[in-house]
Amino acid sequence: MSGINELATEPVGRLLWKYSLPSVVGMTVASLYNVIDRVFIGQNVGHEAIAGLAITFPVMNLSTALGVLIGAGASARVSMLLGAKNHEEAERTLGSALLLLAIIGTVYVSCFGFWLKDILRAFGASDVTLPYAFSFMSVLLPGLLIMNFTFSFNNIQRASGYPRRAMMTMVYSALVNIVLAWLFIFPLNMGIAGAALATVIATTCAGVFVFWHFFRKTSVVHFRRGIFTLRWRTVWPILAIGSAPCAVNAAGCLVNVIINRSLVFYGGDDAVGAAGIFTTVTQLVVMVVLGICQGMQPIVGYNYGAGRLDRSIKTFWLAVGAATVLCVLSSVAGIACPEALARAFTNHPRLIEVTATCLSTSMLAFSLVGFQIVSTNFFQSIGKAGESLLLGLARQVIFLLRLPPQRRMDGLPHLRRPRHRRHRRPNLLAAPPPHRLPHPQPRLNRATLAVWVILG
């Protein structure tokens, strides 16, 4: 227990560095895998595969939402219980998290598998992108349950005082993933399905490593008889704390669906591909910010449970400063060299042009994202589910400014509604055909698009 007790005695600046650095390294390596994997797909399979992959993002967001409902809630709860010296309840939380993940995961994977094609169609897949999206998800789908187990218990591992071991799990998984993705996509020519298979195998290997940690009796919290129960007083705090990140990810799924469908309607598959590249690039930065938040979480949660709110607040402001600096630098880079970033993913001229415009516009507001993410995670770490939920949904739903239905994407070069879709109306946006509008359609300005993409 000496390792976990340092959370109450060491200077918070040193603790944040000690806990955040492994998290940032692990999350960065995992994010780099996603970037490299999509570069492999874009360069070897083609630009249409990038668009097909973008269609799968809402499915993975929804899977993540159901996973963090348990994982985020359990990890925050474990930190607070250890700070309050309630070791027995911390282990009961561990056992309850395992059962909840198994039940929820089995249900949603079965539902996705049964209606996969219909779901992908509803999420914006066209006749061109559906084969790529279906090929990727049909292989990845069984691994979504394993991914939820791995990432949820990796967070609990970190929250219980093992940041370096949690980092090594992420690094190990990402390196295996990169090697297998290259092998399956290039030499074996398995295409986008090979990338999905590499992800499933690597995540399974990481899961074995994580569960080995919790089966060891020397771990601060570990599996033992009697903790695998679903008692309401244990389950409710997990679900209450986890509801905020769950709702944020679920809202992200809905927003992604709306954006994908509107982009297909107004700009075609290239517009969807551009949004997918934008998401991949910004995800790399967001994952680093989340790494800072993961390092902040055990410090804040433990000290809050121990009654040291001053240390929790100081840790929060240090994390805000680091995240804001990172997002500002990323925003400058995205505005300064968008074409270079786009060319890393594709050599298709039109997709490069559309992606460069998307990046240079959307990164205008990206510098504010770090503060919002850290604030949401701070309230989650101290068990304030309502405040965390409000802040999380503010960016995704409450202040999301949807494009007015009479406006087209004419503010972007070459983003015109395809002629063969002229009279087709999207279900979610219900935009009327242009010849039925009583007034000329105004152009979409860059500021409106920046709010649309960043808040989405």
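Q: Why does Arg308 count as partly exposed?
A: In this predicted model, Arg308 has a relative accessibility of 34%; buried means under 20% and exposed means over 50%, with partly exposed in between, so Arg308 is classed as partly exposed.

Q: What makes Arg308 and Asp310 a salt bridge?
A: The closest N and O atoms of Arg308 and Asp310 are 3.5 Å apart, and the criterion asks for a side-chain nitrogen of Lys or Arg within 4 Å of a carboxyl oxygen of Asp or Glu, so the pair qualifies. Asp310, with a relative accessible area of 48%, is partly exposed.

Q: How do you know that the side chains of Arg121 and Asp127 meet in a salt bridge?
A: The N to O distance for Arg121 and Asp127 is 2.7 Å, and the limit is 4 Å, so this pair is counted as a salt bridge. Arg121 is partly exposed at 36%, whereas Asp127 is exposed at 61%.

Q: Where do Glu88 and Arg92 lie, and how many residues apart are they?
A: Both Glu88 and Arg92 belong to helix H5, four residues apart, which is about one turn of the helix. An α-helix has 3.6 residues a turn, so residues three or four places apart point the same way. The side chains of Glu88 and Arg92 form a salt bridge at 3.3 Å, N to O; Glu88 is partly exposed, with a relative accessible area of 44%, while Arg92 has 17% and is therefore buried, because the cut-off for that label is under 20%.

Q: What is the phi of Lys85, and where does Lys85 lie?
A: Lys85 has a positive phi of about 65° although it is not a glycine, and Lys85 is placed in the loop between helix H4 (57-83) and helix H5 (87-114). At 57% relative accessibility, Lys85 is classed as exposed, because that label applies over 50%.

Key: Residues numbered from 1 in each chain as written. Predicted model: local features only at pLDDT ≥ 70, side-chain atom pairs only at ≥ 80, totals over all residues. Heavy atoms only, no water. Helix = DSSP H or I, 4+ residues; strand = E, 2+ residues; numbered from the N terminus. Buried < 20%, exposed > 50% of the residue type's maximum accessible area, 1.4 Å probe, protein only.
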